[in-house]
Structure formats: structure tokens, C-alpha cells
Amino acid sequence: MGSYIPNTGSEQREMLREAGYADFRELYADVPESMLIGALDIPSGLSEFEVRSRMEALAAKNVRFTRIFRGAGAYDHFIPAIVGSVTSKEEFVTAYTPYQAEISQGILQNIFEYQTMICELTGLDVANASVYDGASAMAEAAAMCADRKRGVCLISACVDPQSRSTVASYCFGSGMELVEVPEKDGRTDMDALAALLSDKTACVCLKQPNRYGIIEDVDRAAQLAHAAGAKLVESVYAMSLPLLRTPAECGADICVGEGQPFGMPLSFGGPYLGFMACRAELMRRLPGRIVGETHDAAGERAFVLTLQAREQHIRREKAGSNICSNEALCALTAAVYLSAMGPEGLKNAACQCVSKAHYLADRLCAAGLKLQYGAEFFNEFVTVSDVPADRLLARLAEKGILGGLPLGEHEILWCCTEKNSRADIDEVADTVKEAVK
Amino acid sequence: MKLIFEKSVPGRSLSLLPACDVPAYTLSAPVRGSAPRLPEMSETDISRHYTQLAGRAHGVNDGFYPLGSCTMKYNPKINEAAAALPGFTGIHPLQPEETAQGSLQVLGDTARLLCEITGMDAMSLQPAAGAHGEFTGLLLIKAYHRDRGDTKRTKIIVPDSAHGTNPASAAMAGFTIVNVPSGPDGCVDLDRLRAAVGEDTAGLMLTNPNTVGLFDRNILEITKIVHEAGGLCYYDGANLNAVMGIVRPGDMGFDVMHLNLHKTFSTPHGGGGPGSGPVGCKAFLRDFLPSPTVKEENGRFSFAYPAKSIGSVRAFYGNFLVVVRALAYILTLGREGIPAAAGNAVLNANYMMKKLSPYYDMAYDRTCMHEFVMTLERTKKEYGVTAMDIAKSLLDHGIHPPTMYFPLIVHEALMIEPTETESRETLDEAVSVFVGIMEEAKRNAEKLHMSPLTTPIGRPDEVAAARSPVLKYAF
Amino acid sequence: MNLPEELKYTKSHEWVKFIDDTTALIGITDFAQESLGSLVFINLPQVGDGVVAGETFADVESVKAVSDIFSPVTGDVAEVNTDLEQSPEIINDTPYDAWIAKIENITDTADLLDAADYEKAVEEEN
């Protein structure tokens, strides 16, 4: 059994004596006898060697696919080696929240640099230090838009199910009314949106690209929203930012998204990274930590957590959000990734995602599948087949390939990233071709 | 130190990806006007930049970190090794269940172990942090009352000593907050509690030991008062390190609770996250848990979808790699190790408190749990030296300051939580540093006002930062 | 203590300057700004909002704290002092010139004290 308690039994007994206690039981004198449990009904502790074996055995029970054609919120992108080298530095891993600025300049500066990068990517004025993930970021963004007169959140049916479910739960808490904007041919129905907007609408929430991989007309949605006095919340696929018209250019007031593509492995869903950026006038409504630049008495540039009076530890029940931690180490991961990739490398990766997805789509159509929607897609797309989706995916799995996500009995949502080689894409198409015969 | 953007040189780059091996596809959708100004650097310079930043950070691996209510215990390296296994990092959350049995078992086993440790019947590992867990737990309470058709219950009772996330979470969940003052002993004032409960009480949020580090002896009476009024009891698990394996929140009368894996269960703080805030509940609330949970049948693990689930509070299943670390920790400590850790956390705190008592005023003169609160109110009056001054002086000695100015019910508070992973000599050294600073306070208050003197920067101008916020680099 | 005689005061440290029977300017006292420390932000009400005597209608932030400001009167917000948004420190520098809001259609007031009684109340508090 390990316990990471340095002091030996005899040291502990001496310390008890010095502190004025006969034994450990006396330390718990305030606890009613009836409440003390005898022993936990769990196994005894193990040595490090045994723990390692156990954890390795658990990991070995998983099937780890190395050729992945599935996205839907978690993306298999290339992670440069420098990322892991930096994020495993003890000073970053074992540090607490940088409340004591004088000894935390490294952490604070990194967050400041990360905030700058998110602003550059989204084109918006202010970014926070991150929130838990993309889905909860959308929920927090919707809450930012509510005020006394506007309490309705319009959310497109083309936003991914995870974000919609999360926004719905947060609205259950806040009392904000959630109304769905219908979809039409795989995109948000803009006519329906126009009809739903009113002077009670706080915000319109869209995903870009949407849950089917299709590129939305965000400009149009922003125009409609603003004409009705509402705000536009745009959630983006991180890897679309280097290529597509920025959220700022489209007229978004708040941009959020899932930062996992920027250096975080798939990890069965977490930890991930929710990024948030907004226009300057919404700055004080942003939840979570924000790092600002200032100076010390000697004139040295210094970074601090700022605008803290927004947050829970000061405002308590009047805070806009209860959020206390961010995903600091994940924000560091993203910053290192973005620095390593650089603007050219990032654009190149994004272009490869788009090109490979379109190549796969062409080859799958030639193999006998059909695209479900006609609108242009980014790097994910939906196919329909006569044969059941399960059969196609099973054949691929036999070859160690994780195919697209089955959306229904015959529909599959495929995804390509820069990691999918032409040879692998060809193998997928050839396998599908065999299976549809 | 320069910002990374100030080290950027146009044209520099790494060689990370091969050329595209398929025909290039050009989107017809509108593209961005100009490229983002991300750094253009060589790998050498990136690596050095982050090494420099690391040199200006301070983790629990660098030294004693007695932050009250944060449980800065040692972060075991075997946990990191487990979390880095490709068999865990490379698994897509939407893989078929048969191919993710290992990950599902990590979630299932951890939930089961945490239930046993806490006395709860069901657990969701979905929330990403303690505050996230609080919000989730409060939604469970809200859903429970709504399901019973009881819409009058709109109030959550919170002691004035509570952590700020408690009332903030309750407000986010749509409740109004009733603050109940603590008695002079720092514990819940039973009479005030009785006066505060009623037909509009949805629940009570409490932590025990409380935020001043004391075990509330009346806990069974407290939860009984709330239950009799028809409310539920929520346990803030932030202070579980004092009692894990010794007492269980489920036995104290709590119905729902959250845990902080990044406190009690040794997962690292990462400079502010990622953490993990699992939510546990008694059987009668399990149908409301966030979806999906994990179930086991004859050794096979799969997702379950609670019948009246509140939905989800994030995408997917939780901060999975953080849960992996916590599982490795629980397996290491096991049946005997968990209560031993709690016992030594309490011993170390009382040991430090005893040794500091001749020099510092303790807020409460009784046995503490895993943390204790000192008050610098008298030192402020007599010498003009505040809790802030003491804290900043500690930085010059390489010790991270304790928690300052919390809880609010103690003036000029410093809250110290040594944790069980500190050796006797580390505690003795820390005590002598504290004693030295107090002597300095009496002789030379001015020096303390100017501290820290040996850190990379001195006290930053926070007023300027807040009045004219500069939140990104100006290119 | 800096207390202009022509103003009225509340126990919660606001001052009121009546322009006529149903219109007044409100701000916070020198004692208040001193206790709060350097102000970094003020959350102003919106023009058109109704305010109620004794209830909060705005708040001010210092670096480490937030403080509610209570309305001394019941009425409607006619104007807010937008200069304070850019420079909340004006309140610290000249608390009695730094009016926060102009209230019209005043129908009721909280307990208002004159300068001498306010000074006494502050001394008793300490």
C-alpha cells in the first residue's frame, strides 16, 4: 500500500504527542462515535508495480484505432512532440491557480499569450482563459446574452446534440427559454429563424461547420439576429478558424468552440478545452478567469488575473457564472500547438483536412454511397447507403479502421483530418465498395 | 521576459506535416481576410520560451504549498504514467462500446469506489470541476422537486462561511440564496437554521469539516432539520481529505454531493485546471443524473441513460484522463491508505497549529481538521501588518502563501492546509519561517509592506489592470 | 469628515441632492469611497429603470470586492453619468461631484439624514 505519507509510524506518534494527542482517534473527538466507519469495503492498497500492471491491463482492454475517420466533436489531429514536452513540465502541471502573481508570471503570461491567439483566430476583441469544453462554452455564452427583457435563446437544430443538450440543462437552471430553429436540407432554415426572432430573443446559437459538416451562412444569421436586437453566438470547429471567414468578419458577437483539435488527444472525451471570445462591449459579461497586463512598482511588465469582481469568489450569488477553474493545462497545450504549427502550418493542416474529406467523399460516391446533402461541407459529410451502416463499419473495423459515425440505419457522418493518408482513404473506399455489393 | 509574439520572425517554422497527398480542394465558402498572427518560430526558440515560462512558475513539486481548502498534496508520477498510456489517450469517445471496455471500466470502477468512500449510491463523472459538480448537484435537487410537483421550493440555504461557488452555483441553478450566519464557534447556528427552513426550502449546501477547518458536531441534527422541512442536503466535497475513509457524507445525512479529484484524489492542478468534479447521490436521485452513466453486467460495461436525466452539463463523459489518475491513486492507497491519508492530514494541521499558536492568533481554539485559520487582525492593529503582508513575505522564502482573506467570517484570515504528503521537517521549517516573519513584523513592518523582494516581479498594480484592461498583445 | 451641508444622506452612505421636489441626483459619500478603496468599475442602471427606496440599483467594484449602492428614493432613472464608465476613479477623487444617476418622478424616500446626523451615525458604526 502506498500513501505518500513521508512520516514513519514512530514520527507520527511523536508528532501526535507534541501536538497534545494520545492517538489518531483523539483528533476526531468531535465526530460522533456512531458515524465512524470501521473500514472501507474496497481492496487493500497496491504497490506501484501492481498499479501499473492494473492500469496497463485496463488500457489493453480498449481497441485503439490508428486509422480514424470519425469526428462528431472529437478529432484525431497530429500532435507535435514539443507539445507533450512542454505540458509535462512539473512547474506547469503541479502549480495552482495563479492568484499569487509574483510567483506565477509563467502561468499568467502563457494564458495572456493564449488569449491573444484566440483573439487572432476568431478576430474578436477579448478572450477568457478558457472554460471546461465547447458545449458548456456555448451554454455560458447564451447566459451572457440574457437580460431583464430578453430571455429567449434560439438554437439551430444543426448545432450538435451534445451542445444542445448542455445548453438545455443550463437553461433548466437559469430559466432561459430555449427554442429550436428548424433545419432545411442540412442547414439552418434562415426563413424560420427570421420568423422566430422577436424583441425577447437574447441570442441565436449556430455551429460552424454544423453537425453534418456543412458550412452555414453565418453572415445572414448575424444580420437577422442584429436586426431583431439579439446577439449571435457562433460555435466553431477549431480547425476551421485558419480557413473560413472569421466569426468577427461574419458579425458574431461571441465565438466559442471546442479547442481539443489544438494538441489534445482523443482521451475518450476529456479533458478538453472550451474557448470563448467576444466583442469589447461584452467583456465584463465574460465568465471565468481573464489575464490582464499591468506593471509592478519598479515598472516591470506584469500579468495578473483581472476583472475578478465578475467572479464567484467576490460576487457570490450575483456572479454571472459559478465557474472557478479553467482548463489551464489544456490552454497551455493549445498555445504550444498553435506556436509549433504557426500560421502557415495551421492553414496547411486545415487545407489538408478539407481536401482529404472531399477526396474521400468522391471515392465513397464512386463506391456506391450517396451524399445526403448538396450544400458544401468542410471536413465532415453525411452519406446514405442502401446497405446498413453497421455492415460497412464492421467491415472497416475488421481492418482496424474506425469508420464514420452512424447517424441512422443507413447514414454515416465521415470525417477526415490531415492524418488520413491517401492510401488509407483508398482502402476505406475499396472496403466500402466490396461491402455494398 | 519577452512575449512569444515578440520573439516571432517571419518565415520561421517547424517541419511537421508531409505535403498533401490528395488533390487540393478549394472551398467556395468565404475565407478569412488575413492570416492569424500566430508566432513564427523555430523549435529551439519555442522550447526555450516555455522553459523560461516554467522557470517563472511554482508548483507543489517546487515546495510547500499550504493553501487552505485547495488540498495541494503531492501529485504521484505513476498517475501521470497511467494517463499517458496510448490505450487511454487514443480512444475516441464515440467508438463502439465493445471497443472501449477498458475506458468504460475506468469510469465504472472509479464511480463504484467513490460511492463506497462517500456513502453514495450512484455517481456521475461528467462534471469537469467542483463548481461544475455543484451546479449539477443543484440541478438534481431542482429536478427532484419538480418531478414531485413541488414548485414552491425556490430557496437554497448557504452558510455565510461557504466558498463563493456555493451561492454562485445555486444562483445559476435558478435558486435564491438564504444566508445563514455561523455561530461564534464557526459552526452552523442551529436556531438560525431552524428559523430559515420552511416550505420554500429546496435544500442546504454545506461542507463538513467546514471552511474554517472544524468538524460540525451537530451535523446529524442539521441534516435532520432540513429533511424535516422537506429539503435536500448537498455536501460540498472540497474538504473530504480530512475525513475520507473515516466518516462518509452519506452517513451524515447528505443526499447529493460533489468531489474534487484535483484536491482529495491527488490529480494535479495544472495551473488552474483541468480538474474533475464527480457528482454522487443517494438512490432516490439516480434517475436524474446527467446522461450517460456507466453500468456493468457480468463483467461487460456499457452506457446507461437515466430515465429522468437532467441532460448533460458538457459533451461526453467527463475529464477522462483526470479520472484515470484518480483511479490509480485510489488503487494505490486502498482500504488502509485512504483513512491513513486523512488521519495524517489532520495530524499535520494540528501539529502546525500547535507550533504556531505561541506566535499567531488562531481563529478558533480547538482541534482542527485538515486545515486551520489564523487571524492577523491584532497584528494589523498593533503593527499595521496585514494577512497580505505576511503572505507576500512568504514568497521571499519560497513558500506559497496560504489562502488569504477566506473564509469571510474571519478578519485578516490566513488558512493553512499542509496535507498529509509533507514530512515533519518540511512542517518544522515552515513553522520557523512563519515565526521569523512575525518577528520581522514587530521590528520592521515596512519591509513586509514592500515584499516580495526576491520574486521575478513585485506586487502588481491590480487597480490599473482592472481600470484599463489590456487583455491581449498589441501587435 | 467631508459632508456638504446642503445634501441629504442615508445610513448606507449615499448622498441625495434634490433639484426640485421630484428630481434628484444620487451619489456615494466620501466615507464610502474611502472604505471601498480604488474603484475600478461601476455597474450603472439603465435609463428608464425604476428604482425603489432602500433597494440596490447599482454596484461598484474595487479590485477585490463588489459593493451594492442603495437608492435613497423611489422613482425612475432619467439620466446616468456615463463619464463614470470610463473613469470610475472620479468617485474616489470628487465623491460629491460624481453623481451616479438622476432620478425623476420621485414618490418616496428612505430615511434621509442631514449632515450632522449622518456624521453621528458613521461614528457610531465604528
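## A leucine and its contacts

Skip the neighbours within four places in sequence, and A:L393 is in contact with A:G403 and A:P406 (contact: C-beta atoms, placed from the backbone, within 7 Å). This is a predicted model, where local features need pLDDT of at least 70, side-chain atom pairs count only at pLDDT 80 or more, and totals for chains, interfaces and linings use all residues. Residues are numbered from 1 along each chain as its sequence is written, while chains are lettered from A and ligands numbered from 1 in the order in which they are written.

A:L393 sits in helix α14 of chain A, residues 389-398 (helices are DSSP runs of H or I with at least four residues, strands are runs of E with at least two, and both are numbered from the N terminus). Is A:L393 buried or exposed? A:L393 counts as buried because it has 22 C-beta neighbours inside 10 Å (buried takes 20 or more other C-beta atoms within 10 Å, exposed 12 or fewer, partly exposed in between, with C-beta atoms placed from the backbone). A:L393 and A:G403 are 10 residues apart along the chain, and their C-alpha atoms are separated by 5.6 Å.

## A sheet in chain B

Over in chain B there's an open sheet of 4 strands, in the order β10-β11-β13-β12 with antiparallel pairing (strands pair if DSSP finds at least two bridges between them). Its edge strands are β10 (361-362) and β12 (403-404) of chain B, each pairing on one side only. Strand β12(B) is joined to β13(B), residues 413-416, by 2 bridges, and B:T403 stands opposite B:M415 in β13(B).

Helix α11 of chain B (387-395) packs on this sheet, touching β12 and β13 of chain B, and its direction makes about 45° with that of β13(B) (axes are lines fitted to C-alpha atoms, for helices over the stretch in contact, with angles from 0 to 180 degrees between N-to-C directions).

## The nonpolar core

The largest nonpolar core has 349 residues, and B:Y234 is one of those that touch the most other members (such a core is a set of buried Ala, Val, Leu, Ile, Met, Phe, Trp, Tyr and Cys residues joined through C-beta atoms within 7 Å). Helix α9 of chain B (320-356) gives the most to this core, with 23 residues.

Leaving out residues up to four places away in sequence, B:Y234 touches several others, including B:G137, B:L204 and B:F254.

## Where the chains meet

How many residues of chain B are in contact with chain A? There are 164, in contact with 166 residues of chain A. On the side of chain B that touches chain A, α9(B) gives the most, with 21 residues.

Key. Two residues are in contact if their C-beta atoms, placed from the backbone, lie within 7 Å.
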